[in-house]
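Dear colleague,

I am passing on the structure we spoke about, and below it you will find my notes on what was found. Please read them with the model open beside you.

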Amino acid sequence: MMSREKNDRITRIGPGTEAGAVLRRYWQPAALSDELSGSRPVVPVTLLGEQLVLFRDEDGGLGLIGRHCPHRGADLCYGRLEDNGLRCPFHGWHFDRAGQCVEQPGEPEGSRMHENIKAVSYPVVEKNGIIFAYMGPLAEGAAPPAFPDYDCFRAPDSHVFAFKGLWECNWLQAMEVGIDPAHASFLHRFLQDEDPEESYGKQFRDKAANTNIPMTKLLRDYPRPEILVEEAGHGMRIISLRHLDDGRTHVRVTNQIFPEAICIPMSREMTITQWHVPVDDENCYWFSMFTSFGKPVDKELMREQRLKEHTLPDYAPVKNKRNNYGYNPQEQENLTYTGMGLDINVHDQWAVESPGPIQDRTQEHLGKTDTAIIRYRRMLNAAMDALAAGDEDGLPASGNVAAMQGPVSIDAIAPAGTGWEAVWRESDRERRAACSWNAQVGDDETAMSGAAE
């Protein structure tokens, strides 16, 4: 359990908050490229509690500026997209991609007032279907931080599919479900196993590593993983060991990418890198990049699968707390542990939304399987302490960012009588060597000193 003050410290992210200050030092997903694919590429974005508008101008350049006109507060989401900027319909004030007012057609001839008018603006970069924003402080003329060389950014567009979804809860509880290896044996338990060959694009539907065991069966039969956590340049590496009855060991390697992303294996050839991005204190979007080490991603099929479960334009889930997440007690008896259908995103959504918009951790009791969550909260608190002391270099994943690779996310099986430590690395090397794009990484792609626990 923790005090309410400590809970507020690690959850609240608006301007002026300590956690918000940490998150603003990292690139944040702001929107999907798909959202700007229509005839009028202008969309509202609420990010870290700030109301913004994202647009693509006639030259293809991107701008992310304050949503409300600095004149009298009109909503620039309704602005006229023209002259490589947005023009407010109220009085015609015109803003470029950097938020600079470049024209005030109603002011007296020769007025230079516009030179002193600038809307809030943030740098944006487009990466494999997601538009990222950097909201941290920058000195005049300084460039924002580099991007890491992660697989989801290195892979060609043909091998990455991006999507997002809205969850009505705080970002932290959303992220923490992704660094909890034990929950998959229960929350995502299927009482009947599907044919993995017919489950493309669905998580936990593949066979376990190089076996014929459906992943759903392995998770169901071995619900008490041994969990090891170690520090890494990107944040944390989490290793879950399930010791099979025949002496083999199933090794599952997942990652926490500081401050609010995870990277996990989806199947033998695909990984998911997923950010949990605060809209405000009580809502967040998950943004996922599905990266294939095998064939090009079937984007049409994966988009179709996910649009069946979400409504546009807000990417809100069809199943939600207003319709009890589709809960069916008969299904819970015979098919799934939750009774909430076969989409594991819905299971996670229920798990993170049902504690309330901001989980009351004063009533929380963590166990041994929560070791990664405990470790992460220490890391987040240490990052806030470092910023408060003016130590920007003390932030995790902020050193030689451009050299950070991977992170390795994989399932592997260690044969009986052999150590598991080298098996997952060798499996990853084999996967990368056979990849059609340059997926090679160093032997220890993001290692730091740090004992496992």
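Is Leu342 buried, exposed or partly exposed? Leu342 is partly exposed, because its relative accessible area is 31%, where buried means under 20%, exposed over 50% and partly exposed in between, with a 1.4 Å probe and protein chains only. Leu342 is placed in the loop between helix 7 (329-334) and helix 8 (344-353); helices (H or I, at least four residues) and strands (E, at least two) are DSSP runs, numbered from the N terminus.

Please keep in mind that this is a predicted model, in which local features need pLDDT of at least 70 and side-chain atom pairs count only at pLDDT 80 or more, while totals for chains, interfaces and linings use all residues. Residues are numbered from 1 along each chain as its sequence is written, and side-chain values use heavy atoms, with hydrogens and water left out.

Turning to the interior, a nonpolar core here is a set of buried Ala, Val, Leu, Ile, Met, Phe, Trp, Tyr and Cys residues joined through side-chain atoms within 4.5 Å. The largest such core has 88 residues, of which Val22, Leu47, Leu54, Ile179, Phe258, Trp275 and Tyr376 touch the most other members. Helix 9 (residues 371-388) gives the most to this core, with 8 residues. A second, separate core of 14 residues includes Val53, Cys77, Leu86 and Cys101.

Leu86 also stands opposite Phe95 in strand 7. Strand 6 (residues 85-87) and strand 7 (residues 94-95) pair in the antiparallel sense over 2 bridges, pairing being assigned if DSSP finds at least two bridges between two strands. They belong to an open, antiparallel sheet of 4 strands in the order 5-6-7-8, whose edge strands, strand 5 (80-82) and strand 8 (101-103), each pair on one side only.

With best regards
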